[in-house]
Amino acid sequence: MSKVAEIVMQMKTTPQNIRFSDLSIVCDYYFGAGRQKGSSHRIYKTPWQGDPRINIQNNKGKAKAYQVKQVLKAIELLEVNYGNKK
């Protein structure tokens, strides 16, 4: 199993215990390089308009659980509607 797949599996089981760096790896894999790498936020471009938006925030090394859930929803939308099954 790839590292990204392992992180996604962990995101599904314990979204409140995901490191920001791991969430960044997943987002980079599915959505390309994020913008604003120098700040506490990273914003990713998606092929759709509106929600779910991909804006993740570093909270003392951890990702926020609601943002982890938004990323999971976006990955599902990407796979179902855009055929980007990675």
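This is a predicted model: local features need pLDDT of at least 70, side-chain atom pairs count only at pLDDT 80 or more; totals for chains, interfaces and linings use all residues.
I will start with the core. In soluble globular proteins, nonpolar side chains tend to be buried together. Here the largest nonpolar core has 22 residues. The members that touch the most other members are M11, L23, V26, C27, Y30, F31 and V71. Several elements contribute to this core: helix 1, residues 3-13, helix 2, residues 20-31, strand 2, and helix 3, residues 65-82, each supply at least two residues.

Let me stay with F31 for a moment. Which residues does F31 contact, leaving aside its neighbours within four places in sequence? The list is Y44, K45, T46, W48, I54, A74, I75 and L78.

Next, the open space. Rolling a probe the size of a water molecule over the atoms shows where empty space is left. The largest pocket has a volume of about 250 Å³. It is lined by 14 residues, and the closest to its centre are Y44, T46, G50, R53 and I54. Y44, T46 and I54 were also on the contact list of F31. As for secondary structure, strand 1 and strand 2, the latter covering residues 54-59, each give the lining at least two residues. What is the make-up of that lining by class? There are five nonpolar, five polar and four charged residues.

R42 sits in strand 1, which runs over residues 41-44. Is R42 buried or exposed? Its relative accessibility is 9%, and buried means under 20%, so R42 counts as buried. The R42 side chain also makes a polar contact, at 3.3 Å, with the side chain of S24.

K60 is in the loop that lies between strand 2 and strand 3, residues 62-63. With a relative accessibility of 83%, where the cut-off for exposed is over 50%, K60 counts as exposed. Its backbone is worth a look too: phi of K60 is near 60°, a positive value in a residue other than glycine.

Last, M9, which is placed in helix 1. If you want a sense of distance, take M9 and S39: they are 30 residues apart in sequence, and their C-alpha atoms are 27 Å apart in space.

That is the end of the tour.

Technical notes
Residues are numbered from 1 along each chain as its sequence is written. Side-chain values use heavy atoms; hydrogens and water are left out. Helices (H or I, at least four residues) and strands (E, at least two) are DSSP runs, numbered from the N terminus. Buried means under 20% relative accessible area, exposed over 50%, partly exposed in between (1.4 Å probe, protein chains only). A polar contact is a pair of N or O atoms within 3.5 Å; within protein, one must be able to donate a hydrogen and the other to accept it, and residues adjacent in sequence count only if both atoms are side-chain atoms. On a 1 Å grid over the protein atoms alone, a cavity is a set of points where a 1.4 Å probe fits but cannot get out, and a pocket is an open set with protein on both sides within 12 Å along at least five of seven lines; lining residues have an atom within 4 Å of a point. Grid points are joined across faces, edges and corners, and a volume is the space filled by probe spheres set on the points. Ala, Val, Leu, Ile, Met, Phe, Trp, Tyr, Cys and Pro count as nonpolar, Asp, Glu, Lys and Arg as charged, and the others, Gly among them, as polar. A nonpolar core is a set of buried Ala, Val, Leu, Ile, Met, Phe, Trp, Tyr and Cys residues joined through side-chain atoms within 4.5 Å. Contact means heavy atoms within 4.5 Å.
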